[in-house]
Structure formats: structure tokens, C-alpha cells
Amino acid sequence: MIIGKCPYCDGNVISQKINVQGQNVIVYACEHARKEYDLTESYVFSAESTCRFRIYSNALKRWNKRSIGHYEIKSLLEEGQIKVRLHGRKGTREYFKYAITDEEYGISILWDEEVSL
Ligand SMILES: [Zn+2]
């Protein structure tokens, strides 16, 4: 499924279900940012890849956001940033932060910016 245009090149961003260590994860990746296993079994960008845009749906799991949905990626591609709902540890309140695309990590959170609700 095509989600939108890649922020780094003219490619389409496509969503794909994959299985990582027994977990179903969705990867949102530019069609020019393909990964494959190399001879040492490392999962790396293929030689033909000219782009690095890849976001995994569980990229914000550390902050207790279980999954990043299609519509969130769509607005991230259209607007350059999105508001994400994060949670503290069990029993603490949810909070909102802005997230932007990041060439190295796919997505990163703007910790210093306050979100007005
Ligand atoms: Zn791209």
C-alpha cells in the first residue's frame, strides 16, 4: 500500500508487514530504501538503495507507543511533523510530543517542544 511521497527523494513510501523476532511489525519504507541480509546475516541497505527512509511501526515503543499507524505516517509525510501520544510507565499519564522524520532513526521526537492541545 502506498502511503505517500518520500521526504528525501521522489519515491513512494510503501507499507509492508514483516515479522521481527516473532512480532508482527509494519515497516513504512521508501521504495528506494530496500534492506536485505548480507553475507554476514546483517540486515543492511541493499547496494541499489539510494534512499534511507524507513520507519518501523514500533519505533516509539520505548515511550510506550505500541504502534505508529498508517494515518500518522501519512500526515508525517504531508506535514513534516506529527503529534504523537506517548505514555509514561504504568500508572502515569499520557503526554503529547511532536515527531519528525529522521534520516538515521526514521522518526525522532522533539523533546524540547511543548505541544499545545
Ligand atoms: Zn526516498
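This is a predicted model: local features need pLDDT of at least 70, side-chain atom pairs count only at pLDDT 80 or more; totals for chains, interfaces and linings use all residues.
Cys-6 and Cys-30 are both buried.

Cys-6 (SG) and Cys-30 (SG) are among the protein donors of the zinc ion. Cys-9 (SG) and Cys-51 (SG) complete the list. The donors lie 2.2 to 2.3 Å from the zinc ion. What geometry does the site of the zinc ion have? It is tetrahedral, with angles of 99 to 117 degrees among the four donor atoms. Four donors count as tetrahedral if all angles lie between 85 and 135 degrees, so the label rests on that range. Along the chain, the donors of the zinc ion follow the spacing C-x2-C-x20-C-x20-C. The pair Cys-6 and Cys-30 links distant parts of the chain, 24 residues apart. Cys-6 sits in the loop between β1 (2–5) and β2 (12–20). Cys-30 belongs to strand β3 (residues 23–30).

Three strands form an open sheet in the order β7-β8-β9, and their pairing is antiparallel. Which strands stand at the edges? They are β7 (81–87) and β9 (106–110). Each has a single partner strand, so one side of each is left without a neighbour in the sheet. From one strand to the next, the twist averages 45 degrees.

Look at the pairing of β8 and β9. Strand β8 (residues 94–102) is joined to β9 by five bridges, and the two run antiparallel. Ala-99 stands opposite Ile-109 in β9.

Helix α1 (residues 70–79) lies across β7, β8 and β9. Helix α1 runs at about 140 degrees to β7.

How values were computed: Residues are numbered from 1 along each chain as its sequence is written. Side-chain values use heavy atoms; hydrogens and water are left out. Donors are N, O and S atoms within 2.8 Å of the metal (3.2 Å for Na, K and Ca); water is not among the atoms, so sites may look incomplete. Four donors count as tetrahedral if all angles lie between 85 and 135 degrees; four count as square planar and six as octahedral if opposite donors are over 155 degrees apart and all others between 65 and 115; anything else is irregular. Helices (H or I, at least four residues) and strands (E, at least two) are DSSP runs, numbered from the N terminus. Buried means under 20% relative accessible area, exposed over 50%, partly exposed in between (1.4 Å probe, protein chains only). Two strands pair if DSSP finds at least two bridges between them. Axes are lines fitted to C-alpha atoms, for helices over the stretch in contact, and angles run from 0 to 180 degrees between N-to-C directions. Contact means heavy atoms within 4.5 Å.
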